[in-house]
Amino acid sequence: MAFDFDHDALLADDFAGRDAIYTPEGELARTVRVVFTLDPEDLSLGGDILPQAVAAKAGCKASDVEGAKLNDTLEVDGVTYRILKVEIDETGWATLYLGKRYE
């Protein structure tokens with residue numbers, strides 16, 4: 001059972017929120033609001049196990065990335081990352097572990 005928790009404060013401009021482009025593999029891209037860090041070991045956005053090759057982490061409302069899976073992409077500040085792992089907690093918060101995508 002999920003808690004009713006308002007994540008809007010975390011995602012606000014005056015905290016750490018920013019827009020990102022989430023693209024599920026084979027589907028259309030859409031903009032989602034995330035909290036983002038390039039130093040994933042220094043900031044906990046939920047979860048506790050970092051897979052190898054993690055370049056960054058993003059946190060967002062789980063409903064914004066429902067069905068997210070390995071190799072979907074998230075573009076932040078013009079850099080495209082591929083999703084390595086998704087963790088969803090009991091508050092409806094999703095933590096995305098990201099690796100850089102090299103094309």
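Predicted model: local features only at pLDDT ≥ 70, side-chain atom pairs only at ≥ 80, totals over all residues.

Modeller: A definition is needed at the outset: a residue is called buried if its relative accessible area is under 20%, exposed if that area is over 50%, and partly exposed in between.

With the cut-off in hand, Tyr 81 may be considered. Its relative accessible area is 3%, and therefore Tyr 81 counts as buried. Phe 36 has a relative accessible area of 11%, so that this residue is buried as well.

A pair of aromatic rings is described by the distance of the centres and the angle of the planes. When the whole structure is searched, one aromatic pair is found. Its members are Phe 36 and Tyr 81, with 5.6 Å from centre to centre and 55° between the planes, an arrangement classed as tilted. The two residues are 45 residues apart and belong to distant parts of the chain: Phe 36 lies in strand S2 (residues 30–37), and Tyr 81 in strand S5 (residues 79–88).

Both strands take part in a barrel. Six strands close it in the order S1-S2-S3-S6-S5-S4, with antiparallel pairing. From one strand to the next, the twist averages 45°. One of the pairings joins strand S1 (residues 17–23) to strand S4 (residues 73–76), in the antiparallel sense and over three bridges. Here Thr 23 stands opposite Thr 73 of S4. Thr 73 is buried because its relative accessible area is 11%.

In soluble globular proteins, nonpolar side chains tend to be buried together. In this model the largest nonpolar core has 18 residues, and Phe 36 is among those with the most contacts inside it, together with Val 34, Leu 74, Leu 96 and Leu 98. Two or more residues of this core come from each of S1, S2, strand S3 (56–61), S4, S5 and strand S6 (93–100). Leu 98 touches both Phe 36 and Tyr 81; among its other contacts beyond four places in sequence are Leu 74, Ala 56 and Ile 83.

One further ring deserves mention. The charged end of Lys 85 sits over the ring of Tyr 97, at 5.5 Å from its centre.

Note on methods. Residues numbered from 1 in each chain as written. Heavy atoms only, no water. Phe/Tyr/Trp six-rings, centres within 6.5 Å; stacked < 30°, edge-to-face > 60°. Helix = DSSP H or I, 4+ residues; strand = E, 2+ residues; numbered from the N terminus. Buried < 20%, exposed > 50% of the residue type's maximum accessible area, 1.4 Å probe, protein only. Lys NZ or Arg CZ within 6 Å of the ring centre and 35° of its normal. Pairing = 2+ DSSP bridges. Axes fitted to C-alpha atoms, helices over the stretch in contact; angles between N-to-C directions. Core = buried A, V, L, I, M, F, W, Y, C linked by side-chain atoms within 4.5 Å. Contact = heavy atoms within 4.5 Å.
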